[in-house]
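Student: Please take a close look at one annotated part of this model. Then set it against the rest of the chain.

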Amino acid sequence: MSTLTRARCRLQAHPTALDAALAAGVLICMVAGSFVDPHGPDGVRWGLRTPDPLSLVLMTLGAAALVFRRRAPRTVLALAGALSVAESATGDPRAPVAMCAVIALYTVASTTDRPTTWRIGLLTMTVLTGAAMVAGPLPWYAQENLAIFAWTGIGATAGDAVRSRRAFVQAIRERAEKAERTREEEARRRVAEERLRIARDLHDVVAHHIALVNVQAGVAAHVMDKRPDQAKEALAHVREASRSALGELRATVGLLRQSGDPEAPTEPAPGLGRLDELAGTFRSAGLRVEVARTDEGTALPAAVDLAAYRIIQEALTNVQKHAGTEARAEVSVVRVGPHIEVTVLDDGTGEDREHAPGGGHGLLGMRERVTALRGTLTTGPRYGGGFRVHAILPVKTRASAAQDNTP
């Protein structure tokens with residue numbers, strides 16, 4: 001930091017000291033100007049004269065008032081204007097006391113709005129110039145009188161320009177701060193959404209596969225002694241389910257890796273293309289599942305495809321866990337106009353129905369997925385027994401529609 005910059009920072013930190021230095025400089029300029037007489041006896045020439053003592057007093061009072069220009073700008077302007085009018089009426093020839101009024105007018109203009117600047121500026125110009133023309137010893141058209149008019153106008157204009165620039169800089173700073181806050185809020189929102197998404201995926205994967213492993217392990221333990229072949233088959237299903245769970249967990253947790261980490265997951269997210277495989281895993285666990293689809297040829301966005309798959313997976317997992325051993329599930333995927341409808345029904349009579357409204361995290365995860373895609377989800381018990389999960393998802397999300405409209 002240069003010496004000039006450090007000095008400027010110190011002065012800005014002590015505005016009263018800066019105003020005192022300004023007042024001292026103005027007083028020196030006024031006193032020096034009072035010794036100059038542009039009107040000599042032989043025409044226009046520069047010569048020296050002795051200023052009137054009253055003029056020196058007026059100049060001193062005007063300069064002293066400038067020390068308080070930031071605290072009471074209008075009061076200082078009124079005082080400096082009165083001193084300038086008094087100097088115009090009594091000084092012969094006049095001393096440049098109007099300089100104090102010009103600086104005070106600049107201060108008022110830089111700290112108020114434009115309409116107020118116009119009103120106060122016109123009033124100051126009229127009073128000071130009129131007093132000089134009417135009460136002064138020089139002719140009304142003298143250049144000193146016109147100079148008062150010009151300098152007061154310059155003071156008001158300069159102050160308004162400074163005020164406008166400060167307002168512009170402040171607006172830019174506020175916009176930048178607001179943009180920074182918006183970016184931080186957006187980043188926090190995205191992090192929260194990603195955490196919820198990963199939590200839903202982990203819940204769906206773990207709940208589904210652990211339920212299958214639990215069922216198959218129970219079957220294997222039950223028939224181990226009497227039917228070892230069937231126990232071996234059940235253990236093979238346990239092994240396959242655990243391998244599938246590990247694969248999906250690896251793909252999900254892999255999203256948390258940094259961009260430079262090795263072995264980033266490349267397996268695509270599951271979708272309705274694997275619905276038959278999903279239903280087969282439940283059938284192998286003893287659940288009777290029927291699948292009906294009329295959505296052939298429908299290309300779904302990745303988010304919708306994954307959400308439909310996870311909804312069916314979670315609903316069948318709940319049927320497996322809570323609907324009873326004799327339950328039967330029906331899965332339907334139907335294309336209806338701009339939407340795809342996913343329905344999972346069961347006729348279970350199990351008493352431990354955690355997937356009833358308000359129970360467990362499964363329904364919450366479903367609802368969050370559907371809401372994120374601007375779809376609707378309806379869940380509840382069926383008349384006569386059983387449970388129903390019905391989701392309506394848009395075939396085109398806003399992101400995919402925007403990509404389609406991009407030339």
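Tutor: UniProt lists residues 169–196 as a "coiled-coil region", in an unreviewed entry. Positions follow the numbering used here, the feature name is shortened, and such annotations may be inferred rather than shown by experiment. Over residues 169–196 the chain is 100% helix and 0% strand. Helices (H or I, at least four residues) and strands (E, at least two) are DSSP runs, numbered from the N terminus.

Two notes on the basis. Residues are numbered from 1 along each chain as its sequence is written, and side-chain values use heavy atoms, with hydrogens and water left out. The model is predicted: local features need pLDDT of at least 70, side-chain atom pairs count only at pLDDT 80 or more, and totals for chains, interfaces and linings use all residues.

Now the rest. The protein has twelve helices and seven strands. Of its 407 residues, 37% are buried (under 20% relative accessible area; exposed is over 50%, partly exposed in between; 1.4 Å probe, protein chains only).

The largest nonpolar core holds 35 residues (buried Ala, Val, Leu, Ile, Met, Phe, Trp, Tyr and Cys joined through side-chain atoms within 4.5 Å). Ile312, Leu316, Ile340, Val389 and Leu393 have the most contacts inside it. Two or more residues each come from α9 (275–284), α10 (302–322), β4 (328–336), β5 (339–346), α11 (362–372) and β7 (387–394). Helix α10 gives the largest share, nine residues. Leu393 touches, among others, Val304, Ala307, Ala308, Ile340 and Val370, leaving aside residues up to four places away in sequence.

Apart from this core lies another, of 25 residues, including Met30, Leu83, Cys100 and Ala104. Ser84 sits in helix α4 (residues 73–90). Ser84 counts as buried because its relative accessibility is 2%. Beyond four places in sequence, Ser84 touches Val97, Ala98 and Leu128.

Last, the surface. Leu54, Val57 and Leu61 make a nonpolar patch of about 250 Å² (residues with over 30% relative accessible area and no salt bridge, nonpolar side chains joined within 5 Å, like charges within 9 Å; a salt bridge puts a Lys or Arg side-chain nitrogen within 4 Å of an Asp or Glu carboxyl oxygen). Val57 belongs to helix α3 (residues 53–65). Val57 counts as partly exposed because its relative accessibility is 44%.

How values were computed. Areas by Shrake-Rupley, 256 points an atom, 1.4 Å probe, with all protein chains shown as cover. Contact = heavy atoms within 4.5 Å.
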